[in-house]
Amino acid sequence: MKKNISPLILSFLFLIVSACSEQATDPPDNQSTSKWEKVSDLPGSVRKVQVVDNIIYASVASQNNTFFCKSADKGLTWETRQIDQIIHDQHSTLLVNGDNAYIGSFGLYTSNDRGQNWLRNTNLDSLAGSKQFILNCISVLGDKIYLGHSFPNRPDPIRGVMISTDNGNNWYSPQMPKYYVYDMIAFETHIIFTMFKVYITTDNFNTFYEASGDWANYRDINKIVNVGIRIFAVDSENIYYSDNGGTFWLRGNHGFPSFNDNYHFVAHTFAHNEEYVFICRSNGVIYYSKISEIDWKVFDSELPERSYIQLLFTVDNYLYYSANLGVWRAKISE
(Lines give C-alpha, C1' and ligand atoms only; values in the text may rest on other atoms or scores of the structure.)
Protein backbone atom coordinates (compact mmCIF):
# COMPACT_ATOMS: atom_id res chain seq x y z
CA MET A 1 0.00 0.00 0.00
CA LYS A 2 1.37 3.41 -1.00
CA LYS A 3 1.83 6.01 1.68
CA ASN A 4 1.34 9.71 0.96
CA ILE A 5 4.16 12.02 2.07
CA SER A 6 2.98 14.70 4.41
CA PRO A 7 2.87 18.22 2.85
CA LEU A 8 4.79 19.41 5.93
CA ILE A 9 7.65 17.00 5.15
CA LEU A 10 7.69 18.09 1.50
CA SER A 11 7.91 21.73 2.54
CA PHE A 12 10.79 20.94 4.90
CA LEU A 13 12.69 19.09 2.14
CA PHE A 14 12.12 21.99 -0.24
CA LEU A 15 13.64 24.43 2.25
CA ILE A 16 16.72 22.23 2.69
CA VAL A 17 17.27 21.94 -1.08
CA SER A 18 16.81 25.70 -1.53
CA ALA A 19 19.30 26.49 1.22
CA CYS A 20 21.89 24.15 -0.27
CA SER A 21 21.41 25.73 -3.70
CA GLU A 22 22.01 29.21 -2.29
CA GLN A 23 25.14 28.14 -0.42
CA ALA A 24 26.59 26.61 -3.57
CA THR A 25 27.01 30.10 -5.06
CA ASP A 26 29.34 31.21 -2.26
CA PRO A 27 33.12 31.07 -2.79
CA PRO A 28 34.50 27.65 -1.91
CA ASP A 29 36.37 27.66 1.40
CA ASN A 30 40.07 26.86 1.28
CA GLN A 31 40.45 26.15 -2.42
CA SER A 32 43.09 23.71 -3.57
CA THR A 33 45.91 25.05 -5.70
CA SER A 34 44.38 23.35 -8.75
CA LYS A 35 41.70 26.05 -8.76
CA TRP A 36 44.31 28.69 -9.59
CA GLU A 37 45.36 29.39 -13.15
CA LYS A 38 48.50 31.34 -13.99
CA VAL A 39 47.32 33.73 -16.66
CA SER A 40 50.40 35.80 -17.44
CA ASP A 41 53.90 36.98 -16.62
CA LEU A 42 54.66 40.69 -16.50
CA PRO A 43 57.95 42.61 -16.90
CA GLY A 44 58.06 43.42 -13.19
CA SER A 45 56.11 43.38 -9.95
CA VAL A 46 52.56 44.76 -9.96
CA ARG A 47 52.25 47.86 -7.76
CA LYS A 48 48.74 49.21 -8.46
CA VAL A 49 45.72 47.98 -10.41
CA GLN A 50 42.57 49.71 -11.62
CA VAL A 51 39.77 47.95 -13.52
CA VAL A 52 37.60 50.12 -15.79
CA ASP A 53 34.87 48.49 -17.93
CA ASN A 54 36.58 45.08 -17.49
CA ILE A 55 39.88 46.46 -18.81
CA ILE A 56 42.75 45.94 -16.36
CA TYR A 57 45.27 48.76 -15.97
CA ALA A 58 48.40 48.11 -13.91
CA SER A 59 51.57 49.88 -12.89
CA VAL A 60 54.42 47.39 -12.97
CA ALA A 61 57.91 47.99 -11.59
CA SER A 62 61.15 46.32 -12.57
CA GLN A 63 64.50 47.14 -11.03
CA ASN A 64 65.17 50.08 -13.34
CA ASN A 65 61.89 50.96 -15.06
CA THR A 66 58.15 51.30 -14.68
CA PHE A 67 55.60 49.94 -17.11
CA PHE A 68 51.99 50.93 -17.69
CA CYS A 69 50.24 47.69 -18.61
CA LYS A 70 46.77 47.19 -20.05
CA SER A 71 44.79 44.00 -20.61
CA ALA A 72 41.46 43.80 -22.45
CA ASP A 73 41.13 39.98 -22.16
CA LYS A 74 41.08 39.52 -18.37
CA GLY A 75 44.83 39.30 -17.94
CA LEU A 76 45.67 36.76 -20.64
CA THR A 77 47.67 39.25 -22.73
CA TRP A 78 49.04 42.70 -21.93
CA GLU A 79 49.93 45.83 -23.84
CA THR A 80 52.84 47.61 -22.16
CA ARG A 81 54.35 51.09 -22.24
CA GLN A 82 57.70 51.81 -20.58
CA ILE A 83 58.06 54.86 -18.34
CA ASP A 84 61.56 55.92 -17.34
CA GLN A 85 61.19 56.18 -13.59
CA ILE A 86 61.49 53.85 -10.63
CA ILE A 87 58.40 53.08 -8.55
CA HIS A 88 58.79 52.50 -4.85
CA ASP A 89 57.77 49.01 -3.70
CA GLN A 90 55.06 50.31 -1.33
CA HIS A 91 54.45 53.94 -2.31
CA SER A 92 52.99 54.62 -5.73
CA THR A 93 49.83 55.75 -7.43
CA LEU A 94 47.77 54.96 -10.52
CA LEU A 95 44.60 56.54 -11.88
CA VAL A 96 42.76 56.19 -15.18
CA ASN A 97 40.11 58.91 -15.45
CA GLY A 98 38.50 59.11 -18.88
CA ASP A 99 41.27 59.60 -21.44
CA ASN A 100 43.65 60.89 -18.77
CA ALA A 101 45.97 58.58 -16.87
CA TYR A 102 48.38 59.25 -14.04
CA ILE A 103 51.17 57.11 -12.66
CA GLY A 104 53.90 57.94 -10.21
CA SER A 105 56.01 57.39 -7.17
CA PHE A 106 59.09 59.64 -7.22
CA GLY A 107 57.34 62.22 -9.41
CA LEU A 108 54.20 62.09 -11.53
CA TYR A 109 53.79 61.08 -15.16
CA THR A 110 50.62 61.93 -17.09
CA SER A 111 48.98 60.72 -20.28
CA ASN A 112 46.03 62.20 -22.20
CA ASP A 113 45.51 59.16 -24.43
CA ARG A 114 44.93 56.39 -21.84
CA GLY A 115 48.55 55.46 -21.51
CA GLN A 116 49.86 55.45 -25.06
CA ASN A 117 52.24 58.36 -24.44
CA TRP A 118 53.58 59.75 -21.17
CA LEU A 119 55.17 63.00 -20.00
CA ARG A 120 56.67 63.86 -16.64
CA ASN A 121 54.75 66.59 -14.79
CA THR A 122 57.42 69.26 -14.40
CA ASN A 123 55.02 71.70 -12.74
CA LEU A 124 54.66 69.30 -9.84
CA ASP A 125 58.44 69.02 -9.68
CA SER A 126 58.67 72.81 -9.48
CA LEU A 127 56.29 72.89 -6.53
CA ALA A 128 58.40 70.36 -4.68
CA GLY A 129 61.64 72.18 -5.45
CA SER A 130 64.72 70.28 -4.37
CA LYS A 131 62.76 68.07 -1.97
CA GLN A 132 62.15 64.56 -3.21
CA PHE A 133 58.58 63.42 -2.57
CA ILE A 134 56.91 60.02 -2.72
CA LEU A 135 53.38 59.80 -4.11
CA ASN A 136 51.10 57.50 -2.12
CA CYS A 137 47.58 57.96 -3.53
CA ILE A 138 45.46 59.88 -6.00
CA SER A 139 41.73 60.65 -6.09
CA VAL A 140 39.27 62.73 -8.13
CA LEU A 141 36.30 64.72 -6.88
CA GLY A 142 34.48 66.94 -9.37
CA ASP A 143 37.03 68.94 -11.33
CA LYS A 144 39.79 68.45 -8.77
CA ILE A 145 42.57 65.87 -8.58
CA TYR A 146 44.10 65.20 -5.16
CA LEU A 147 47.55 63.72 -4.58
CA GLY A 148 48.58 62.35 -1.21
CA HIS A 149 52.31 62.23 -0.63
CA SER A 150 55.17 62.27 1.85
CA PHE A 151 58.70 63.65 1.97
CA PRO A 152 60.94 61.03 3.57
CA ASN A 153 63.81 62.16 5.77
CA ARG A 154 63.10 65.85 5.32
CA PRO A 155 62.97 68.18 8.34
CA ASP A 156 60.52 70.60 6.74
CA PRO A 157 58.24 68.88 4.19
CA ILE A 158 55.55 70.78 2.34
CA ARG A 159 51.95 69.79 3.00
CA GLY A 160 50.87 66.19 2.57
CA VAL A 161 48.34 66.94 -0.21
CA MET A 162 48.57 68.68 -3.57
CA ILE A 163 45.54 69.70 -5.64
CA SER A 164 45.00 70.36 -9.34
CA THR A 165 41.97 71.90 -11.05
CA ASP A 166 43.24 71.52 -14.64
CA ASN A 167 43.75 67.78 -15.13
CA GLY A 168 47.11 67.77 -13.39
CA ASN A 169 48.88 70.50 -15.34
CA ASN A 170 49.28 72.81 -12.34
CA TRP A 171 49.23 72.09 -8.61
CA TYR A 172 48.92 73.89 -5.31
CA SER A 173 49.29 72.81 -1.70
CA PRO A 174 46.54 73.65 0.84
CA GLN A 175 47.38 75.05 4.26
CA MET A 176 47.01 71.85 6.21
CA PRO A 177 49.40 70.52 8.88
CA LYS A 178 52.55 68.85 7.62
CA TYR A 179 51.40 65.27 7.59
CA TYR A 180 52.11 62.12 5.64
CA VAL A 181 48.94 61.18 3.69
CA TYR A 182 48.89 57.51 2.77
CA ASP A 183 45.51 56.89 1.13
CA MET A 184 42.34 58.78 0.25
CA ILE A 185 39.00 58.31 -1.49
CA ALA A 186 36.36 60.73 -2.76
CA PHE A 187 32.92 60.06 -1.30
CA GLU A 188 29.98 62.18 -2.47
CA THR A 189 30.98 65.72 -1.42
CA HIS A 190 34.00 65.01 0.80
CA ILE A 191 37.40 63.35 0.93
CA ILE A 192 38.24 60.60 3.41
CA PHE A 193 41.96 60.17 3.97
CA THR A 194 44.47 58.49 6.27
CA MET A 195 47.31 59.88 8.33
CA PHE A 196 47.55 56.59 10.24
CA LYS A 197 44.15 57.60 11.66
CA VAL A 198 41.11 58.39 9.46
CA TYR A 199 40.16 62.00 8.71
CA ILE A 200 37.51 63.80 6.67
CA THR A 201 37.62 67.11 4.83
CA THR A 202 34.72 68.90 3.15
CA ASP A 203 36.59 72.05 2.07
CA ASN A 204 39.62 70.93 0.04
CA PHE A 205 41.81 70.22 3.07
CA ASN A 206 41.56 73.72 4.49
CA THR A 207 40.07 72.07 7.58
CA PHE A 208 39.55 68.44 8.55
CA TYR A 209 38.43 66.36 11.50
CA GLU A 210 39.16 62.88 12.84
CA ALA A 211 36.50 60.20 12.29
CA SER A 212 35.14 58.50 15.41
CA GLY A 213 34.52 54.80 15.94
CA ASP A 214 35.45 51.54 17.61
CA TRP A 215 39.14 52.06 16.95
CA ALA A 216 41.93 49.97 18.39
CA ASN A 217 44.41 51.86 20.56
CA TYR A 218 47.11 51.43 17.93
CA ARG A 219 46.27 52.35 14.36
CA ASP A 220 48.37 52.38 11.22
CA ILE A 221 45.54 52.56 8.69
CA ASN A 222 46.91 52.86 5.18
CA LYS A 223 44.09 51.61 2.97
CA ILE A 224 40.55 52.96 2.43
CA VAL A 225 38.15 51.39 -0.08
CA ASN A 226 34.63 52.40 -1.09
CA VAL A 227 32.71 49.24 -2.05
CA GLY A 228 29.37 50.92 -2.66
CA ILE A 229 27.19 50.26 0.37
CA ARG A 230 30.14 50.42 2.79
CA ILE A 231 33.57 51.94 3.18
CA PHE A 232 36.39 49.77 4.54
CA ALA A 233 39.65 50.77 6.21
CA VAL A 234 42.53 48.40 6.86
CA ASP A 235 45.60 48.41 9.05
CA SER A 236 48.03 45.62 9.94
CA GLU A 237 45.84 44.16 12.71
CA ASN A 238 42.22 45.22 12.12
CA ILE A 239 39.59 45.81 9.48
CA TYR A 240 37.02 48.58 9.99
CA TYR A 241 33.90 49.58 8.10
CA SER A 242 31.60 52.59 7.94
CA ASP A 243 27.98 52.78 6.83
CA ASN A 244 27.60 56.56 7.07
CA GLY A 245 30.16 58.02 4.71
CA GLY A 246 33.18 57.57 6.95
CA THR A 247 32.16 59.66 9.97
CA PHE A 248 31.78 56.62 12.27
CA TRP A 249 33.54 53.25 12.05
CA LEU A 250 33.00 49.77 13.48
CA ARG A 251 35.52 46.98 13.76
CA GLY A 252 34.88 44.25 11.19
CA ASN A 253 36.98 41.31 12.35
CA HIS A 254 34.16 38.82 12.95
CA GLY A 255 35.05 35.33 11.77
CA PHE A 256 38.82 35.70 11.93
CA PRO A 257 40.57 33.31 14.30
CA SER A 258 42.67 34.67 17.14
CA PHE A 259 45.95 35.35 15.38
CA ASN A 260 48.84 34.42 17.67
CA ASP A 261 51.61 34.81 15.14
CA ASN A 262 53.88 37.41 13.62
CA TYR A 263 51.87 37.81 10.43
CA HIS A 264 49.70 40.80 9.53
CA PHE A 265 47.07 41.98 7.07
CA VAL A 266 48.61 43.18 3.80
CA ALA A 267 46.45 46.27 3.49
CA HIS A 268 47.02 46.96 -0.21
CA THR A 269 45.68 43.47 -1.08
CA PHE A 270 42.15 44.45 0.00
CA ALA A 271 39.84 43.85 -2.98
CA HIS A 272 36.15 43.48 -3.72
CA ASN A 273 33.47 42.78 -6.27
CA GLU A 274 29.78 43.61 -5.92
CA GLU A 275 29.15 40.96 -3.26
CA TYR A 276 32.41 40.03 -1.53
CA VAL A 277 35.53 41.58 -0.02
CA PHE A 278 38.92 39.87 0.12
CA ILE A 279 42.12 40.37 2.12
CA CYS A 280 45.43 38.53 2.27
CA ARG A 281 47.68 38.12 5.32
CA SER A 282 51.45 38.14 5.06
CA ASN A 283 51.55 34.33 5.41
CA GLY A 284 49.73 34.00 2.06
CA VAL A 285 46.27 33.11 3.38
CA ILE A 286 43.37 34.84 1.58
CA TYR A 287 40.12 35.51 3.46
CA TYR A 288 36.75 36.63 2.16
CA SER A 289 33.47 37.94 3.54
CA LYS A 290 30.16 39.06 2.18
CA ILE A 291 30.02 42.85 2.13
CA SER A 292 26.60 42.93 3.75
CA GLU A 293 27.40 40.40 6.50
CA ILE A 294 30.89 40.67 7.96
CA ASP A 295 31.95 37.09 8.66
CA TRP A 296 35.43 36.24 7.40
CA LYS A 297 36.31 32.77 6.09
CA VAL A 298 39.34 31.26 4.41
CA PHE A 299 39.24 31.52 0.63
CA ASP A 300 42.58 29.80 0.13
CA SER A 301 45.52 28.92 2.35
CA GLU A 302 47.59 27.05 -0.25
CA LEU A 303 48.40 29.46 -3.05
CA PRO A 304 50.64 28.18 -5.84
CA GLU A 305 52.99 31.16 -5.31
CA ARG A 306 53.06 32.63 -1.80
CA SER A 307 56.22 34.74 -1.76
CA TYR A 308 55.72 38.50 -1.75
CA ILE A 309 52.05 38.77 -2.69
CA GLN A 310 51.48 42.33 -3.88
CA LEU A 311 47.83 42.73 -4.84
CA LEU A 312 44.41 41.16 -5.12
CA PHE A 313 41.83 42.41 -7.60
CA THR A 314 38.64 41.16 -9.23
CA VAL A 315 37.29 41.06 -12.77
CA ASP A 316 33.87 39.55 -13.37
CA ASN A 317 33.73 36.29 -11.39
CA TYR A 318 37.50 35.94 -10.97
CA LEU A 319 39.79 36.81 -8.08
CA TYR A 320 43.33 37.67 -9.20
CA TYR A 321 46.52 37.91 -7.22
CA SER A 322 50.00 38.96 -8.22
CA ALA A 323 53.22 37.63 -6.72
CA ASN A 324 56.74 38.19 -8.00
CA LEU A 325 56.29 38.51 -11.78
CA GLY A 326 53.19 36.35 -12.21
CA VAL A 327 49.44 36.86 -12.13
CA TRP A 328 47.07 34.06 -11.09
CA ARG A 329 43.29 33.86 -11.04
CA ALA A 330 40.59 31.62 -9.59
CA LYS A 331 36.82 31.61 -9.92
CA ILE A 332 35.12 33.29 -6.98
CA SER A 333 32.02 31.11 -7.20
CA GLU A 334 30.73 28.40 -9.49
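Analyst: Gladly, and please keep in mind that this is a predicted model. We can begin with the second largest pocket, which has a volume of about 270 Å³.

User: What makes a residue part of the lining of this pocket, and how many residues line it?

Analyst: A lining residue must have an atom within 4 Å of a point of the pocket. For the second largest pocket there are 16 such residues, and T110, S111, N112, L119 and N169 lie nearest its centre. At least two lining residues come from each of β7 (100-105), β8 (107-111), β9 (119-120) and α2 (122-128).

User: How are the residues of that lining divided by class?

Analyst: The lining of the second largest pocket has 11 polar residues, together with 3 nonpolar and 2 charged ones.

User: What makes a space a cavity, and how many cavities of 30 Å³ or more does the structure hold?

Analyst: A cavity is a set of points where a 1.4 Å probe fits but cannot get out, whereas a pocket is an open set. The structure holds 1 cavity of 30 Å³ or more, and the volume of the largest cavity is about 30 Å³. Its lining consists of F68, K70, E79, T80, R81, R114, G115 and Q116, with β4 (66-71) and β5 (79-83) as the elements that give two or more residues. The largest share, 3 residues, belongs to β5, and by class the lining has 4 charged, 3 polar and 1 nonpolar residues.

User: Why is G44 called buried?

Analyst: Buried means under 20% relative accessible area, and because G44 has a value of 2%, it is called buried. G44 is placed in the loop between β1 (37-41) and β2 (45-52). Leaving aside residues up to four places away in sequence, G44 touches V60, A61, S62, N324 and L325.

User: How do you know that β23 and β24 pair, and in which sense?

Analyst: Two strands pair if at least two bridges are found between them. Strands β23 (residues 276-281) and β24 (residues 286-290) have 5 bridges and pair in the antiparallel sense, with C280 standing opposite I286 in β24.

User: Why are some strands of the open sheet said to stand at the edges?

Analyst: The open sheet has 4 strands in the order β22-β23-β24-β25, with antiparallel pairing. β22 (265-272) and β25 (297-300) stand at the edges because each has a single partner strand, so one side of each is left without a neighbour in the sheet. Direction ignored, neighbouring strands of this sheet are turned by 35° against each other on average.

Note on methods:
Residues are numbered from 1 along each chain as its sequence is written. This is a predicted model: local features need pLDDT of at least 70, side-chain atom pairs count only at pLDDT 80 or more; totals for chains, interfaces and linings use all residues. Side-chain values use heavy atoms; hydrogens and water are left out. On a 1 Å grid over the protein atoms alone, a cavity is a set of points where a 1.4 Å probe fits but cannot get out, and a pocket is an open set with protein on both sides within 12 Å along at least five of seven lines; lining residues have an atom within 4 Å of a point. Grid points are joined across faces, edges and corners, and a volume is the space filled by probe spheres set on the points. Ala, Val, Leu, Ile, Met, Phe, Trp, Tyr, Cys and Pro count as nonpolar, Asp, Glu, Lys and Arg as charged, and the others, Gly among them, as polar. Buried means under 20% relative accessible area, exposed over 50%, partly exposed in between (1.4 Å probe, protein chains only). Contact means heavy atoms within 4.5 Å. Axes are lines fitted to C-alpha atoms, for helices over the stretch in contact, and angles run from 0 to 180 degrees between N-to-C directions.
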